[in-house]
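Here are a few notes to read alongside the model, for someone meeting it for the first time.

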Amino acid sequence: MGVIFSCTRISEYSPAGKSLQVFPDFSGTTVPYNIAPLNFYIHGDTGRYLVRFIAGADSFDIHRRNKVMIPQRKWKRLLNNHKGENLTIRLFSEKNKKWLKYQDMTILIAAEPVDPYIAYRLIEPGYEFWGEMGIYQRHLESFEETPVMVNTLTDGNCMNCHSFHKNNPEKMLFHMRAKHAGTIVVKDGEVKKIDTKTPDNVSAGVYPRWHPNGRFIAFSVNQTSQAFHTVHENLIEVYDRESDIIIYDTEKEVIYISPVIHSADRFETYPEWSPDGKSLFFCSAGAKDMPQEYQSLKYDLFRVDFDPQTGKIGNKIDTTLLASSMGKSVAHPRISPDGKQMVICLSNFGTFPIWHKENDLYLLDMQTHELNPITEVNSTESDSYHSWSTNGNWMVFGSRRIDGLYTRPYIAYFDSNGKFHPPFLLPQKDPLWYDESMKSYNIPEFISGKIKTSIRTFERVSKGNAKILKSLSL
């Protein structure tokens with residue numbers, strides 16, 4: 001027997017000897033002190049619940065039915081006052097005027113904050129079609145979600161691959177496809193539309209990465225196709241028939257092409273810069289006859305020198321990771337802000353890991369080249385499209401672990417010992433939101449503040465003419 005002390009009653013309780021099934025299950029995770037309340041749903045009968053939140057000597061109680069909606073002010077005060085400590089969530093239920101106590105849920109409150117916003121695209125989970133889609137930003141300290149740009153304003157076209165310079169919402173870009181095609185670039189208070197497709201490129205720019213100095217942007221250019229499996233655990237196979245990498249100089253308004261990263265006998269894709277801006281990493285595989293040889297297409301990770309003053313690419317290619325020797329294919333290299341770690345995707349083959357159930361996230365030490373799976377983060381479904389926070393203590397990524405179909409955003413803590421902690425699902429005001437939403441969260445990216453460019457400005461520029469760029473060979 002025990003005693004409950006609450007603002008409304010004092011009652012004896014008996015231990016239930018088990019835990020309650022809740023969604024999302026935040027137990028065992030690590031969360032930033034500036035995260036929105038972790039609302040959750042209790043599965044089972046619609047009895048009355050008392051939920052106690054305890055950190056140190058402070059606590060507060062709430063009485064709910066199945067949906068546990070946490071008061072934001074009490075939540076914020078408790079987490080701010082107990083950074084670096086454990087948060088205990090204690091659950092009681094009342095049945096037949098008797099109280100049962102269930103096993104506690106324990107969460108670590110990290111001392112390091114997370115960036116206040118993330119940006120993502122909301123889209124139907126199928127790759128073969130789209131309807132209404134848009135790029136949105138979510139305030140992580142509350143539940144506020146606002147549209148950045150939606151395709152209902154641009155005749156239902158496709159928009160994708162939003163990217164930011166060092167998580168800066170005032171220096172960003174995204175692509176428009178089909179009607180009103182072009183890349184929308186926000187830089188130095190100007191919003192413009194450019195056309196990165198030149199006679200030397202197989203396509204317009206696809207996967208972008210901003211150089212640390214903000215002057216250059218590396219893009220892959222890809223001729224992408226898709227195939228559909230009738231009997232296979234991976235429903236769709238998306239693959240490149242050609243791909244190269246180009247460099248856009250935002251000051252000189254030209255595209256630089258180098259044979260080192262723009263070759264006919266290899267597929268180059270997924271560029272990534274080192275934090276000092278002197279190295280360009282990219283994924284590359286020997287050209288194959290596609291789609292006949294799609295299962296033998298395995299990408300490795302390479303590095304070349306880069307001169308931030310001239311935009312020139314070095315002539316020597318260094319091997320960073322031979323994933324093919326492991327029977328794997330590498331994608332989405334993303335370096336931590338301090339340059340010490342890189343998170344990559346490894347799947348059995350190909351270049352589109354979001355459709356590969358076997359795809360996992362791996363941590364590559366940039367000094368020792370030690371490679372390890374991030375077991376604390378990975379699931380039996382695809383985990384990919386990861387992004388580092390500004391301070392390097394958090395990673396957001398997309399995962400299909402709930403149902404294998406819809407991609408949802410998860411956030412994982414990266415501690416000072418170089419270890420990831422189990423991730424938590426992005427909290428929603430209504431904890432059943434993910435059951436009701438028909439959209440996938442695509443390419444979640446941390447941003448250090450709110451995007452202030454108005455949606456009407458994006459609409460106007462998107463419908464305007466794109467500046468035609470010329471390409472120069474280096």
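1. A term before we start: two strands count as paired if DSSP finds at least two bridges between them. With that in hand, look at Trp388, which sits opposite Met395 of β32. Bear in mind throughout that this is a predicted model.

2. Which way do β31 and β32 run relative to each other, parallel or antiparallel? They are antiparallel, and 4 bridges join them. The two make a hairpin with 5 residues between them. In that turn, have a look at Gly392, whose phi is positive at about 75 degrees.

3. On to the next neighbour. β32 (residues 394-399) also pairs with β33 (residues 408-413), again in the antiparallel sense, this time over 6 bridges. If you want a spot to check by eye, Gly398 has Pro409 in β33 as its bridge partner.

4. Is β32 mostly covered or mostly open? Covered: 6 of its 6 residues are buried. Side chains in a regular strand alternate between the two faces of the sheet. Here Trp394, Val396 and Gly398 point one way, Met395, Phe397 and Ser399 point the other way, and all are buried.

5. Which strands supply at least two residues each to the lining of the largest cavity? They are β15 (158-165), β19 (205-210), β23 (266-273), β27 (329-335), β31 (383-388) and β35 (440-447). So keep β31 in mind from the hairpin: β31 and β32 are its two strands, as the DSSP numbering from the N terminus has them.

6. The second largest cavity has about 30 Å³ of space. Pro24, Asn39, Leu426, Pro427, Gln428, Asp430, Pro431 and Tyr434 line it, and by class they come to 5 nonpolar, 2 polar and 1 charged.

7. Last, an open space: the second largest pocket, at about 420 Å³. It is lined by 22 residues, and Lys166, Asn167, Arg209, Ile335 and Pro337 are the closest to its centre. β15, β19, β23, β27, β31 and β35 each give at least two residues to this lining, which has 9 nonpolar, 8 polar and 5 charged residues.

Conventions:
Residues numbered from 1 in each chain as written. Predicted model: local features only at pLDDT ≥ 70, side-chain atom pairs only at ≥ 80, totals over all residues. Heavy atoms only, no water. 1 Å grid on protein atoms, 1.4 Å probe; cavity = no way out; pocket = protein on both sides within 12 Å on 5 of 7 lines; lining within 4 Å. Points joined across faces, edges and corners; volume = space filled by probe spheres on them. Nonpolar A, V, L, I, M, F, W, Y, C, P; charged D, E, K, R; others polar. Buried < 20%, exposed > 50% of the residue type's maximum accessible area, 1.4 Å probe, protein only.
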